[in-house]
Amino acid sequence: MEGESVTAIYALYSDPDHVQRAVDNLRAAGLHDRDIVVISSEPIEEYEFSARDKATWLFYAAGFGGVVGLVFATWLTTMTQKAWPIVTGNMAIVAWWPNMIIMFELTMLGAILATVITMLVAANLPKRGPKLYDPEVADGKILVGIENPPSTSVQSIERALLSGGVARLKKIGARP
Amino acid sequence: MAVDLDRCTGCGACVTACHAENNIPTVGADQAARGRAMHWIRVERYFEGEFPDVRVKFRPVMCQHCDAAPCEPVCPTYASHHTSEGLNAQVYNRCIGTRYCANACPYNVRFFDFFHPQWPKPLHLQLNPDVSLREVGVMEKCTFCVQRISAAEIQAKADNRELQDGEIKPACAQACPSKALVFGDLNDPDSDVSRLSRSGRGTKLLGDLGTLPKVTYLERETQG
Amino acid sequence: MQEEITRRISDDLLRPLVETSWRFWLLVAVLGSVVATGLATWFYQIYNGFGITGIRNPIYWAFYITNFVFWIGISHAGTLISAILRLVNAGWRRPVTRCAEVITVFALMIGALFPIIHLGRPWLFFWLMPYPSERQIWPNFRSPLVWDFFAITTYLTGSVLFLALPMIPDFALVRDKSTGWRRRVYAALSLGWQGTTKQWHRLESAMQIMAIAIIPVAVSVHTIVSFDFSMAPVPMWHSTIFGPYFVAGAIFSGIAALIVAMAAVRRFLHLEAYLHPVHFENLGKLLLMMSLLWAYFVFAERLTVWYGNESAEREVLLVTQRGSFAPLYWTMIVCNLVIPFVVLSLRKLRTIAGCVTASFTVLIGMWLERFLIVVPSLGHKYLPYSWGTYRPRPVEIIITISTFAAMMLLYTLFSKLVPIISIWELKVGEHPFAQETAAEAGNHRLWKANP
């Protein structure tokens with residue numbers, strides 16, 4: 001029906017080929033890539049529809065975290081050793097060999113923490129509130145859907161999703 | 001410190017005096033049999049030769065206060081560190097009892113309080129008020145009687161004069177009947193201990209380990 | 001057909017979470033009581049003083065440090081298997097990764113407990129942490145024990161995250177399959193995971209970075225543990241080979257622990273369809289390789305000592321090979337080299353039972369190896385007057401046994417609450433989708449041009 005307003009509209013597929021066709025049809029229907037949501041219970045690397053969103057800043061974030069850790073460790077060791085210079089075993093007050101060990105460990109810790117935090121932020125976790133999901137995804141189905149579609153496009157979206165292949169169409173928050 | 005092995009008779013007066021001066025507990029026969037006696041200075045006894053040509057050699061061993069002490073860098077809490085006067089300090093209330101210093105010490109002169117120290121009557125009456133008591137779980141060792149060193153320094157400062165050589169005598173040196181133990185300032189080239197350390201009879205115990213010990217053992221070269 | 005596979009995998013691997021038999025409760029009760037005994041013994045030790053152990057002058061480190069090194073060594077299972085196999089994209093790793101990562105996390109936790117257990121004043125262990133104290137004193141960064149603290153903290157953090165990240169999609173699966181309070185708990189644990197392509201990409205990128213990062217951390221951790229020994233001037237400790245020697249030994253014992261854990265999981269959770277003999281065979285071959293590598297390091301070290309003729313070191317060498325420690329030493333050689341070599345190099349014997357047998361002997365042998373590194377050297381340092389012998393006391397034996405029980409208990413509880421095999425990773429391996437050709441991929445780009 002024209003003018004229908006729904007929170008989300010999606011279809012469930014068993015075969016990633018159908019998913020690819022559905023995604024292409026949705027693009028043909030005029031939808032942006034970023035509006036098309038594809039949800040699966042396992043990563044599907046080999047298809048084009050999963051190739052978007054691949055570029056990430058995660059590696060740079062890890063590097064940045066490592067640098068932060070390194071700087072902190074250098075500061076911690078040299079600052080504390082100079083603040084109260086205590087002689088031990090004829091060694092230098094600022095002992096670089098042992099300090100390097102601390103610097104290495106905190107560099108790695110910084111990289112690891114930065115990676116995890118960035119990943120959680122980038123993946124939008126933890127995600128509270130309503131989310132587009134269907135329990136059938138847990139059984140291996142792949143979900144392709146649009147959240148908050150403009151009411152004028154609902155019909156064309158339906159057509160695009162159904163023409164993808166064998167599918168089950170569902171709507172959330174449909175108002176008659 | 002200089003230890004003259006040719007004068008040492010192995011009497012053990014130094015050990016007893018050290019126990020008395022530094023509030024070292026006696027651990028009891030059972031614990032001593034298990035190797036936990038805490039003799040900050042001990043007299044090592046070695047037999048040489050076959051009967052009847054046996055010779056006994058005595059060597060008093062205490063903390064060598066090494067200039068490159070292996071016990072110092074391994075302490076995670078700085079409880080074992082080097083003072084500006086050149087002593088190896090053991091700070092009891094900083095010690096958490098990892099016992100790494102005792103493992104690192106090649107001379108085995110560091111001791112652990114396995115139980116809460118106890119002084120069976122009447123030994124509790126002779127505790128030295130100048131020396132703090134240790135609790136269970138900390139390491140302790142010879143301090144060259146740092147309480148006597150501090151007392152002499154404070155007195156000298158109050159009298160507005162320099163310290164004299166021989167003014168400071170650790171308990172072991174004071175008690176030795178043959179004057180085998182000599183203590184003094186190695187920075188003063190004229191002191192007794194400096195002269196003795198330069199003697200041709202002088203060696204360092206385990207000197208090849210690179211610990212730079214400050215105790216010189218004097219021994220006449222014997223044949224064979 | 002693929003849906004059937006998917007459902008079968010989910011059902012099989014979620015069954016341990018859903019079905020609980022009386023045997024589980026019995027096991028938990030038995031292990032729990034052993035662990036409780038161990039804890040009570042530890043408090044008894046703190047209350048009565050460290051003297052109730054067998055420690056004495058000059059052997060100030062014995063069972064507890066042996067256990068410390070042993071458990072930290074076991075913790076290298078997860079990293080090396082999981083991270084390295086992930087990086088080289090070995091497909092057979094999929095059912096194995098989480099089993100391994102769990103061992104790492106729990107072994108690290110137990111291992112990290114021992115430096116506290118062996119302290120004379122354990123309530124002050126926090127002085128190892130760098131915090132601004134009112135005395136303005138900081139830890140001594142020159143001490144290998146402080147390096148231990150940093151290394152183990154980093155490794156524990158990294159391992160927990162390395163384990164937890166791939167658990168998120170599996171928690172989402174459990175959430176979908178459960179009801180009631182369980183659903184709420186797992187919904188919270190899964191952090192609202194949906195499974196969008198973006199989330200999968202981020203998760204996999206993060207896993208890649210973690211796998212790359214955790215390997216140098218793991219190598220550094222056991223190297224730093226070895227520095228606890230090699231930094232001290234003790235005969236046969238002050239050796240430059242200790243770093244690589246310990247890392248190789250750690251990987252060696254880690255793989256053995258993994259084989260044992262996998263066999264137990266396979267047997268008690270009925271996962272015969274997922275953990276195949278080939279997994280055990282592959283790990284068995286790795287175990288054999290590590291056994292030879294370990295033997296190579298031991299030979300290199302002992303040959304150098306024997307040849308060098310330095311009197312104190314030679315004394316320690318001989319006391320282990322011919323003296324009072326000889327029975328333990330030769331048991332170790334048999335357990336670590338002879339039995340694994342025979343069992344694992346003959347294909348007929350390299351069955352699951354064979355691999356598990358070899359692994360058990362390796363675990364015994366590696367524990368003995370740690371003991372033989374620590375105690376004989378300390379008992380025979382440079383001054384013969386101070387040599388001594390060590391006998392363990394009941395305290396140390398009880399605490400040692402209770403840590404093994406603790407490991408088994410933690411593992412049991414974990415496999416009850418979380419799928420022990422990573423379900424989503426297994427699914428990816430079970431039915432990889434057909435590879436697209438370049439031409440087909442090009443077709444899609446035409447559609448993308450449409451705004």
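The exercises below treat a predicted model and work through its chains step by step.

Residues are numbered from 1 along each chain as its sequence is written, and chains are lettered from A in the order in which they are written. Because the model is predicted, local features need pLDDT of at least 70 and side-chain atom pairs count only at pLDDT 80 or more, while totals for chains, interfaces and linings use all residues.

**Exercise 1. Describe the overall build of chain C.**

Step 1. Chain C has 17 helices and zero strands; helices (H or I, at least four residues) and strands (E, at least two) are DSSP runs, numbered from the N terminus.

Step 2. Along the principal axes, the C-alpha atoms of chain C fill a box of roughly 85 × 55 × 50 Å.

Step 3. Of the 451 residues in chain C, 52% are buried. A residue is buried if 20 or more other C-beta atoms, placed from the backbone, lie within 10 Å of its own, exposed if 12 or fewer, and partly exposed in between.

**Exercise 2. Characterise the contact between chain C and chain A.**

Step 1. Chain C gives 57 residues to the contact and chain A gives 62 residues. Two residues are in contact if their C-beta atoms, placed from the backbone, lie within 7 Å.

Step 2. The elements of chain C that give two or more residues to this side include helix 1 (2-18), helix 6 (144-164) and helix 9 (197-230). Helix 9 of chain C supplies the largest share, 17 residues.

Step 3. By class, the side of chain C that touches chain A holds 26 nonpolar, 20 polar and eleven charged residues. Here Ala, Val, Leu, Ile, Met, Phe, Trp, Tyr, Cys and Pro count as nonpolar, Asp, Glu, Lys and Arg as charged, and the others, Gly among them, as polar.

**Exercise 3. Explain how strand 3 of chain A is placed.**

Step 1. Strand 3 (residues 142-147) of chain A is largely enclosed by the rest of the structure, because five of its six residues are buried.

Step 2. Strand 1 (residues 8-13) of chain A runs antiparallel to strand 3 of chain A, and six bridges join them. Two strands pair if DSSP finds at least two bridges between them. Tyr10(A) has Gly145(A) as its bridge partner.

Step 3. Strand 2 (residues 36-39) of chain A also pairs with strand 3 of chain A in the antiparallel sense, over four bridges; Ile39(A) stands opposite Leu143(A).

**Exercise 4. Which residues of the largest nonpolar core touch the most other members?**

Step 1. A nonpolar core is a set of buried Ala, Val, Leu, Ile, Met, Phe, Trp, Tyr and Cys residues joined through C-beta atoms within 7 Å.

Step 2. Among the 234 residues of the largest core, Val144(A), Ile103(C) and Leu258(C) touch the most other members. Helix 10 (residues 242-268) of chain C gives the most to this core, 16 residues.

Step 3. Leaving aside neighbours within four places in sequence, the contacts of Leu258(C) include Ala77(C), Ile81(C) and Ile103(C).

**Exercise 5. Describe the open sheet of four strands in chain B.**

Step 1. The strand order is 8-1-10-9, with mixed pairing.

Step 2. Strand 8 (181-182) and strand 9 (202-204) of chain B each have a single partner strand, so one side of each is left without a neighbour in the sheet.

Step 3. Strand 1 (residues 2-4) and strand 10 (residues 216-218) of chain B pair in the parallel sense over three bridges, and Val3(B) stands opposite Tyr217(B).
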